[in-house]
Amino acid sequence: MSHGPRSGLAAVSSALLAMSRHLEVRDVLKTIVASARELLDAQYAALGVPDDHGGFAQFVVDGVSEEQWKAIGPLPRQHGILAAMLHEARSERLADVRKDPRFEGWPKAHPDLIDFLGLPIRDGEEVLGALFLANKNCRKSEGGCGFTQDDEELLGILAQHAAIALTNARLYERSRELTIAEERSRLAHELHDAVSQKLFSLRLTAQAAARLVDRDPSRAKGELQQVAALAAEAADELRAAVVELRPAALDEDGLVATLRTQIQVLDRAHSARVTFSGHGVKALPASQEEAVLRVAQEALHNALRHSGAEHVDVTLERRDGGAVLRVTDDGSGFDPQTVRRAGRHLGLVSMRDRASGVGGSLTVESAPGKGTTIEMEVPGG
């Protein structure tokens, strides 16, 4: 290795820790490339994730400026030595890449690469990407110094851990997509149950009004007023669903304002009185704010759809640098022990998972005929 044993081990450890800190695929790719270039002291590094059409779904570089990258042009295709690494799943170490018979040139603005070290990133038999370095920073004697066998072994260790980090990032993104799909599915069911019922009532009321127009105009007027009210309620239900689909409002307005807006919409859309108060809550980490919002939405959904409550009160207040969410209703209540044995009834398991996932806790207090209080506490950031 180009570093002593102690500094080399520290550098490897730093690189591996850096890769493990990220969950987004793009961030992991950037960290892998930057770590590889720093670890092996090269001028350039790149990592390409292949697609199924002979190109690259993603291609990340380090050592090239934004201006240079734009001047180079579109992403490269899978050809030459890059294709060999992907298709043959083997490492390549070359003193001068330009003299290799597989070399097919590069765009005019592309930096001049000489010594080259590349290898595939693999998860079992699957090739996740091709990682390569070029132009090692060292004095080149006659014939060039280039990358060594030690460098290749070190990059191999990095690539093994890169495969783990990249696989974990992919799994994280897929799980997040599934969570979003589940939220949308729940909303679809809610819309079907709520809005379609109101639209059905609206149609029946409009038909009744049409029959009364000639023989009882005053009653027909009353029915038409009911039509207007039902239409307004249906519009509010749709508006509430749209708000719920856009947690991006957290980034723009913050947790307190987002909760207040959604609760105002729900208060208009339902016969129950829905109120909100927030006390001194400062901004929380993004993951905690989203978890609090989702638990509030689930608890409100339960109270407004299943409990028969006349009043639902939501409070959010500061506690020890963190926050406490409390959703209380005066509805029919239930036996928490029975519900706990019943599994996912009322989404309590999902709410507890969301709370624990951000280092918080969730408690449920309820009894038949006594209403329900759901409390979620999250620590400060």
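Arginine 93 counts as partly exposed because its relative accessibility is 36%; buried means under 20% relative accessible area, exposed over 50%, and partly exposed in between, with a 1.4 Å probe and protein chains only. Its side chain meets that of glutamate 152 in a salt bridge, at 2.8 Å from N to O. A salt bridge here is a side-chain nitrogen of Lys or Arg within 4 Å of a carboxyl oxygen of Asp or Glu. The pair links distant parts of the chain, with arginine 93 in strand S3 and glutamate 152 in helix H5 (residues 149-212), 59 residues apart. Glutamate 152 is buried, because its relative accessible area is 17%.

The model is predicted: local features need pLDDT of at least 70, side-chain atom pairs count only at pLDDT 80 or more, and totals for chains, interfaces and linings use all residues. Residues are numbered from 1 along each chain as its sequence is written, and side-chain values use heavy atoms, leaving out hydrogens and water.

The protein has 11 helices and 10 strands. Helices (H or I, at least four residues) and strands (E, at least two) are DSSP runs, numbered from the N terminus. Of the 381 residues, 42% are buried.

Where does strand S3 sit in its sheet? Five strands form an open antiparallel sheet in the order S2-S1-S5-S4-S3. Strand S2 (56-62) and strand S3 (92-94) are the edge strands, each pairing on one side only; two strands pair if DSSP finds at least two bridges between them. S3 pairs with strand S4 (residues 116-123) in the antiparallel sense over 3 bridges. In this pairing, leucine 94 stands opposite phenylalanine 116 in S4. Helix H4 (residues 80-88) packs on the sheet and touches S1, S2, S3, S4 and S5, where contact means heavy atoms within 4.5 Å.

The whole structure contains 15 salt bridges. One of them joins arginine 37 to aspartate 62, with the closest N and O atoms 2.5 Å apart. Arginine 37 lies in helix H2 and aspartate 62 in strand S2, so this pair ties together parts 25 residues apart in sequence. Another salt bridge joins glutamate 375 and arginine 326, whose closest N and O atoms are 3.0 Å apart. Glutamate 375 is in strand S10 (residues 372-378) and arginine 326 in strand S8 (residues 322-329), so parts 49 residues apart in sequence are tied together. Salt bridges also link Glu88, Arg90, Glu92, Asp100 and Arg102 in a network.

Definitions and conventions. Axes are lines fitted to C-alpha atoms, for helices over the stretch in contact, and angles run from 0 to 180 degrees between N-to-C directions.
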